[in-house]
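Visitor: Hi! Could you walk me through this model?
Guide: Happy to. Here it is.

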Amino acid sequence: MGNRSCILEVCIMCSLELTKIDLKGMKEEANRLDFDLTDDFFQALDGSQLEHGTLHVSVSIRKMAGFFELQFHTEGHVTVTCDRCLDDMEQPIETDNRLLVRLGDTYSEDDDTVTIDENEGILDASWFIYEFIMLAIPIKHVHAPGKCNSAMTQKLEELSGAVRSGEEEAEAVDPRWKALSELKSKM
């Protein structure tokens with residue numbers, strides 16, 4: 001069992017090693033890299049909110065005077081929780097992002113420019129790719145109509161009916177709400 005966990009740790013480490021880009025060692029002005037990301041990638045990122053997904057990332061790198069321009073194109077899907085029924089659902093992802101990288105004395109991030117240590121010259125793109133994916137996920141994620149868990153949908157309808165009847169009782173009891181409604185209707 002101990003040997004199996006070591007193999008798993010090595011595989012997880014490999015998934016993050018894939019996204020390290022040696023900018024200093026690039027000889028040509030234009031380069032292209034491709035990464036296939038799976039569940040291992042998300043598990044290797046400490047603090048990741050996503051756990052499952054299958055994505056293909058293409059990175060076009062242009063070496064220019066004083067900096068590198070990286071264009072990321074990401075396609076695939078991730079698994080998120082449906083806001084309505086709380087079941088897992090596949091969320092399609094397709095996004096294009098740009099990142100400028102300079103070589104300098106120390107690591108820093110300013111707006112859309114990243115400075116990496118000139119002595120190393122290696123950009124770990126894993127968190128940038130993760131952030132691009134997170135920004136591509138809509139704020140509200142809900143199954144297509146009719147695809148939600150029917151038992152949960154039924155329970156929600158029952159509870160929302162109880163809440164509505166409770167609001168109607170509160171409205172009838174509290175005359176301030178009635179006065180406010182009348183004031184709003186006059187405007």
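Visitor: Let's begin with Phe72: what is it in contact with, leaving aside its neighbours within four places in sequence?
Guide: Phe72 is in contact with Val57, Ser58, Val59, Thr95, Asp96, Asn97, Leu99, Ala125, Ile129 and Phe132. Contact here means heavy atoms within 4.5 Å.

Visitor: And what sort of model is this?
Guide: This is a predicted model, where local features need pLDDT of at least 70, side-chain atom pairs count only at pLDDT 80 or more, and totals for chains, interfaces and linings use all residues. Residues are numbered from 1 along each chain as its sequence is written, and side-chain values use heavy atoms, with hydrogens and water left out.

Visitor: Ala125 was on that list. Where does it lie?
Guide: Ala125 lies in the loop between β8 (122-124) and α3. Helices (H or I, at least four residues) and strands (E, at least two) are DSSP runs, numbered from the N terminus.

Visitor: Is Ala125 buried or exposed?
Guide: Ala125 counts as buried because its relative accessible area is 0%. The cut-offs are under 20% relative accessible area for buried and over 50% for exposed, with partly exposed in between (1.4 Å probe, protein chains only).

Visitor: What does Ala125 touch?
Guide: Not counting residues up to four places away in sequence, Ala125 touches Thr19, Ile21 and Phe72. Ala125 and Leu16 are 8.7 Å apart, C-alpha to C-alpha, though 109 residues apart in sequence.

Visitor: Switching topic: how many residues has the largest nonpolar core?
Guide: That core has 37 residues, and Phe72 is among those with the most contacts inside it, as are Leu70 and Ile129. At least two residues each come from β2 (30-37), α2 (39-44), β3 (53-64), β4, β5 (88-104), β7 (113-117) and α3 (126-136). A nonpolar core is a set of buried Ala, Val, Leu, Ile, Met, Phe, Trp, Tyr and Cys residues joined through side-chain atoms within 4.5 Å.

Visitor: And the sheet, in what order do the strands come?
Guide: Six strands form an open sheet with mixed pairing, in the order β2-β3-β4-β5-β7-β6. β2 and β6 (108-110) are the edge strands, each pairing on one side only. Two strands pair if DSSP finds at least two bridges between them.

Visitor: How many bridges join β3 to β4?
Guide: Twelve, and β3 and β4 run antiparallel. Leu70 in β4 is the bridge partner of Ile61.

Visitor: What about Thr74?
Guide: Thr74 is in strand β4 (residues 67-81). Thr74 counts as buried because its relative accessibility is 1%.
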